[in-house]
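Subject: Handover of a model and findings

Dear colleague,

The model you are taking over is below, followed by notes on what was found in it. Please read the notes with the structure open.

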Amino acid sequence: MNTRLGRGLGALIPSNPAPGTPQTLGTKSHSIPGAPPREKAGPELAAVPGAEFAEIEVGKISPNPKQPRSVFDEEAMEELVHSVKEIGLLQPIVVRRLEDDKYELVMGERRWRATQAAGLTTIPAIVRDTSDDVMLRDALLENLHRSQLNPLEEAAAYQQMLDDFGCTQEVLATRIGRSRPQISNTLRLLKLPAGVQRRVAAGVLSAGHARALLGLPSGDAIERLAQRIVAEGLSVRTVEEIVALGDMNGDDPTPARRRNKPVAPRLVDLADRLSDRFETRVKVDLGKTKGKITVEFASIDDLERIVTLMDPNKPTS
């Protein structure tokens, strides 16, 4: 059975269908059994002019006759077909409505072809009534800033904005209030094996766990350590140490010279919470008379992002 992880950009379109929309085009909720319900976003999503989200029969869609690309890399297509079979389609295609309940592709022919090859009968799509790509892009960017997506939905939405709408990471970062390194790190989640992606989308693994896992050399190693995280309840810091030391056999990841220094479980929990909050590695050390918090950052922009999270009321320069 194929279960989808989310709707990517489709999650950024308000759920109420446009007046007069046939019921067959209504949105469908995709989730993983046992996954926590998605939190409702604070600000309401802005209206997306001339667009709605729908689940459409693949047979009702025809390719774009003006598609400049006629040759698709076979190996890349096989990988995409496998991904669609395993985890569904995170990035909806974009279509426009024709007569007689038919549709024409605007963006996403590879995804449409892969969905057919995977044997699925329907495909998530943004049905566009307007021909203005810029207006649709800007409306989706506005909602991306407002919406609360799970990490995989967020990564898929970023990737689709880059691929389909010609956005740059700098534009994305500016419009949604993120740093470029943060966007790059989120995009890396799409490189995780399918089983690990499912755990991240379901909330079983945190985004911090996922980023740490990406430091491993192979998909098999990532899968094995992900299973250990779930089975043993490993913290993000422990996973980072395992990855850094290459210890995949379940031994204590702490180097021998550090084993004599006890670490209070509460400090580890606080460090993990700060790491998830700031989306970077945070170390908390407690000495006899004072403590120290170390926050790692990748660049000046990344540091400014972290400082803003620490003090959101302070005006930026």
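R199 is a place to begin in this predicted model: its relative accessible area is 22%, which makes it partly exposed (buried is under 20%, exposed over 50%, partly exposed in between; 1.4 Å probe, protein chains only). Residues are numbered from 1 along each chain as its sequence is written. Because the model is predicted, local features need pLDDT of at least 70 and side-chain atom pairs pLDDT 80 or more, while totals for chains, interfaces and linings use all residues; side-chain values use heavy atoms, without hydrogens or water.

Salt bridges

R199 pairs with E223 in a salt bridge, in which the closest N and O atoms are 3.6 Å apart (a side-chain nitrogen of Lys or Arg within 4 Å of a carboxyl oxygen of Asp or Glu). The two residues come from distant parts of the chain, 24 residues apart: R199 belongs to helix α7 (residues 194-202) and E223 to helix α9 (residues 219-232). Helices (H or I, at least four residues) and strands (E, at least two) are DSSP runs numbered from the N terminus. E223 is also partly exposed, with a relative accessibility of 22%.

How many salt bridges does the structure hold? The count is 14. Another of them has R97 and D129 as its partners, with an N to O distance of 3.2 Å. This pair again links distant parts of the chain, 32 residues apart, since R97 sits in strand β3 while D129 sits in the loop between β5 (122-128) and α3 (133-146). R97 has a relative accessibility of 32% and counts as partly exposed.

D101 and K60 also form a salt bridge through their side chains, at 2.7 Å from N to O. K60 is in the loop between β1 and β2 and D101 is in the loop between β3 and β4, so this contact ties together parts of the chain that lie 41 residues apart in sequence. Both partners are partly exposed: D101 has a relative accessible area of 34%, and K60 has a relative accessibility of 22%.

The sheet

In which order do the five strands of the open sheet lie? The order is β1-β5-β3-β4-β2, and the pairing is mixed. At the edges are β1 (51-57) and β2 (61-62), each of which pairs on one side only. Two strands pair if DSSP finds at least two bridges between them.

Strand β4 (residues 103-107) is joined to β2 by two bridges, and these two strands run parallel. On this side, S62 has E104 of β4 as its bridge partner, and I61 stands opposite Y103 of β4. β4 is also joined to strand β3 (residues 93-97), here by four bridges and in an antiparallel arrangement. Across that pairing, V94 stands opposite M107 of β4. β3 and β4 make up a hairpin with five residues between them, and D100 in the turn has a positive phi of about 60°.

Why is β4 largely enclosed by the rest of the structure? The reason is burial: four of the five residues of β4 are buried. Around this strand, the loop between β3 and β4 supplies D101, a partner of K60, and β3 supplies R97, a partner of D129.

Other places to look at

The loop between β7 (291-295) and α12 (300-310) contains F297. F297 is partly exposed, at 44% relative accessibility. E296 is found in the loop between β7 and α12 as well, and E296 is partly exposed too, with a relative accessible area of 38%. From C-alpha to C-alpha, E296 lies 6.3 Å from T280, although 16 residues separate the two in sequence.

Is E78 buried or exposed? E78 is exposed, because its relative accessible area is 56%. E78 belongs to helix α1 (residues 74-87).

Regards
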